[in-house]
Amino acid sequence: GVIGAATAVALFAYNGYGAAVYLGEETQDAHRGIARTVLWALGITVAAELIPVTAVLMGAPSLPGLFGADNMMEYFITARAGTTLNNVLSLTVALAIFNAVLAIILVTARMIFSTGRDTTWPSPVSRALASIHPRFGSPWIATIGAGLIGAGFCYADERFLLVVTATTIIAIYAALCVATLTGRRNGSTSHAAYRMPWFPVAPVLALLAIGYVAYRNLLDPEVGRPSLLITVGIGIVFAAYYLLVLRRRGAWELRGAADD
């Protein structure tokens, strides 16, 4: 049960490889290249995280000492290689985190920009978010907005924010699985260059796993249950906005890069 509840947070560590989709309009031959990029990124992510964790578990001088340490990687590296290597690797991790934050801001800004370009918001807000800097050619208002939102979350409780974010990712993955099953059934994905192998094994297994993780989180009254309720509340608000605002506009025509 503890492992099942922790899976929501573990998913957050592996999340992000699908972000290449957001930059599809700036990618050559995107309908073929994006799927390959996502799968390569997934494989690299799993290997880059699973191999070190497995090595630490197998090579730790003491498992009780490892699990009782405030920082398990620091404990392992210091015990096996000394303080100097631990300091070097800590600086490397800090640099990697900084680089990851830059990538997240770029992806988030691109997503926020697309909501403005597709007139998701009221006209003044959409025009502002879709603004392109005349010199740098970047969505500068959307980028600043993404940075301000991220800075605001720095004041939230770390553990609660982590679980809420992970629970939201579970909801996103569940929606992707449902979309995959529905798209194959009604033919809306038949035009795609990439076709999922062994369909529908992956989405069905993923939905079963997601259902179990959500159930285990629901049993946690301290963090898991509130995070699920917040995620459901966010989904209800977005669904209401779509039904009451966007759907009443009639046909929703998305504009691509070629139209700009």
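Contact, in these legends, means heavy atoms within 4.5 Å. This is a predicted model, in which local features need pLDDT of at least 70 and side-chain atom pairs count only at pLDDT 80 or more, while totals for chains, interfaces and linings use all residues. Residues are numbered from 1 along each chain as its sequence is written, and side-chain values use heavy atoms, with hydrogens and water left out.

View 1. Ile105, Thr108, Ala109, Ile112 and Phe113 of H5 touch Ala142, Thr143 and Ala146 of H7. Helices (H or I, at least four residues) and strands (E, at least two) are DSSP runs, numbered from the N terminus. Two packed helices are described by the angle between their axes and the distance between the axes. Here the axes of H5 and helix H7 (residues 140–153) come within 8 Å and cross at roughly 120 degrees. Axes are lines fitted to C-alpha atoms, for helices over the stretch in contact, and angles run from 0 to 180 degrees between N-to-C directions. Angles under 35 degrees count as roughly parallel, over 145 as roughly antiparallel, 65 to 115 as roughly perpendicular and the rest as oblique. H5 passes H7 in a right-handed crossing. A crossing is right-handed if the near helix is turned clockwise from the far one by less than a right angle, and left-handed if anticlockwise. Sorted by class, the contact of H5 with H7 has six nonpolar, two polar and no charged residues. In this sorting, Ala, Val, Leu, Ile, Met, Phe, Trp, Tyr, Cys and Pro count as nonpolar, Asp, Glu, Lys and Arg as charged, and the others, Gly among them, as polar.

**View 2. Helices H2 and H4 pack in a left-handed crossing.** Helix H2 (residues 30–59) and helix H4 (residues 72–81) have axes 11 Å apart, at an angle of about 60 degrees. This makes H2 oblique to H4. Look for Ala55, Val56 and Gly59 on the H2 side, and for Met73, Phe76 and Arg80 on the H4 side. Together, the residues of this contact of H2 with H4 divide into four nonpolar, one polar and one charged.

**View 3. Threonine 231 is a buried residue of the model.** You can find threonine 231 in helix H10 (residues 224–246). Its relative accessible area is 12%, so threonine 231 counts as buried. Buried means under 20% relative accessible area, exposed over 50%, and partly exposed in between (1.4 Å probe, protein chains only). Leaving aside residues up to four places away in sequence, threonine 231 touches Val164, Thr167, Thr168 and Ala171.

**View 4. Valine 93 is partly exposed.** Valine 93 belongs to helix H5 (residues 83–117), and its relative accessible area is 47%. Valine 93 and leucine 244 are 151 residues apart in sequence, and their C-alpha atoms are 45 Å apart in space.

**View 5. A cis peptide bond joins phenylalanine 199 and proline 200.** The omega angle of this bond is about 5 degrees. Proline 200 sits in the loop between helix H8 (158–186) and helix H9 (201–218). Tryptophan 198 is also placed in the loop between H8 and H9. Its phi is near 55 degrees, a positive value in a residue other than glycine. With a relative accessible area of 73%, tryptophan 198 is exposed.

**View 6. Threonine 119 has a positive phi although it is not a glycine.** The phi of threonine 119 is about 55 degrees. This residue lies in the loop between H5 and helix H6 (123–129). Is threonine 119 buried or partly exposed? At 42% relative accessibility, it counts as partly exposed.

View 7. Residues 38–60 are 96% helix and 0% strand, with end C-alpha atoms 33 Å apart. Residues 134–153 are 70% helix and 0% strand, and their end C-alpha atoms lie 30 Å apart. For orientation, the protein has ten helices and zero strands, and its C-alpha trace spans about 65 × 45 × 40 Å along its principal axes.
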